[in-house]
Amino acid sequence: MRRPMDSGAKRLTLKADTRRRALMTSKLKKFLLRYYPPGIILQYERDGCMKQKPVDLLGLSPDTDVEVVCTQIIQQEPLVSENRRPALRQLINRLLDKMAEEQHHSYSLFKVLRAHILPLTNCAFNKAGDRFITGSYDRTCKVYAIAFNNPYGDKIVTGSFDKTAKLWDAYTGQLYYTLKGHTTEIVCLSFNPQSTMIATGSMDNTAKLWDVETGKERCTLSGHRAEIVSLNFNTTGDLIATGSFDHDSRLWDVRDGSCVQTLSGHRGEVSSTQFNHTGNLVLSGSIDTTCRLWDVRTGRCLSVKQGHTDEVLDVAFDAAGAKFVSARWVLCKVQPHMVREQATLGMTPVLMPPSTATTSHLGLIGRTAKVKCWLLWAASWAAV
């Protein structure tokens, strides 16, 4: 005899059915190709508004059967009909061709830009990689932390030692809002992937969430016992990870600002945190020279990676979440989680001292009032 569904299961089923019906009444306008992480974006129109839905293809490999993948997408996505198969096939083949491109393991200095008169604090690129913004102690833009609202790239948020953050138009430089509320310097910030929310982290031991549309504060994330120096949203934007000088990382529910997990284990300040693309893992790097891999659902530490001889300043996953990069002042190591160290990449030591350095996946911040832009898109993953 079949057991009746409980109320929770009924709600989930009803919600899924409602979402599916809404998508069936929508009209697919075009496909967008996403090389990293590999996937296809469905751009569609519903109720007169343009929306996007990602189709992640993280498992693509040279052995992938393209027709099988096309069939799975057509069966699972109400927006995609059978007559779209040729376009799907072409896009998937383009992704496979990109993955098969020869990787070069030699890196060279591309350009030196002398624009600031004091040391730089940060550098951020837009999605296309054709523009970037720098922050400096010379108070140009008066920023310490900066970010584009990628993948859109039409807004910039800056955080400053003046305790405020500012939201700007990336094309015209027009100021939209000044975000006031922190009591000390803002040192890290981020847009959520949907570009509807901004998170700021401060030396006042708190993080705050702000509404992009109105510039109003949504909530304050309180619980850390020392400065928050790192924060990142997961892909769906419903969780945020923060790293603090209190040696802990925390996971927060962005809907109400509640702490859902405290990740304790590092013996030094946490310098960097990062979700993997699927959002089931969090990576943290620390001044204690280690990286730790955490299970998001349970908060359990799955792996501790050792091997660096100095502070770990930055960490990042690859597209599939099977490998990650950890970086210290002069050295970068690429390693798969739960396995072993794979490669070490040497870098010219032009970074700021560990106590103040900030690194970017696409640029290194110089101590001598210069931005040195290295070809690090390839460097980040070429040794994987």
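A residue counts as buried when its relative accessible area is under 20%. Keep that cut-off in mind as you go, and remember that this is a predicted model.

**First stop: Ser272.** Select Ser272, which sits in strand S19, spanning residues 270-275. Its relative accessibility is 5%, so Ser272 counts as buried. Now show the side chain: one of its polar atoms lies 3.4 Å from the backbone nitrogen of Val315. Val315 also belongs to the set of residues that Ser272 contacts beyond four places in sequence, together with Ser230, Leu283, Ser284, Gly285, Leu313 and Asp314.

**Next: Phe317 and Phe324.** Display both rings. There is one aromatic pair by the rule used here. The ring centres of Phe317 and Phe324 are 6.3 Å apart and the planes stand at 70°, so the pair is edge-to-face. Are these two buried or exposed? Phe317 is buried, at 6% relative accessibility, and Phe324 is buried too, at 1%.

**Then: Leu221.** Move to strand S14, residues 217-221, where you will find Leu221. With a relative accessible area of 0%, Leu221 is buried. Setting aside residues up to four places away in sequence, Leu221 touches Asn205, Thr206, Ala207, Leu209, Ile240, Trp252 and Gly257.

**Last stop: Tyr35.** Select Tyr35 together with Lys98. Lys98 lies over the face of the Tyr35 ring, 5.3 Å from the ring centre.

Methods: Residues numbered from 1 in each chain as written. Predicted model: local features only at pLDDT ≥ 70, side-chain atom pairs only at ≥ 80, totals over all residues. Heavy atoms only, no water. Helix = DSSP H or I, 4+ residues; strand = E, 2+ residues; numbered from the N terminus. Buried < 20%, exposed > 50% of the residue type's maximum accessible area, 1.4 Å probe, protein only. Polar contact = N/O pair within 3.5 Å; in protein donor to acceptor, adjacent residues only side chain to side chain. Contact = heavy atoms within 4.5 Å. Phe/Tyr/Trp six-rings, centres within 6.5 Å; stacked < 30°, edge-to-face > 60°. Lys NZ or Arg CZ within 6 Å of the ring centre and 35° of its normal.
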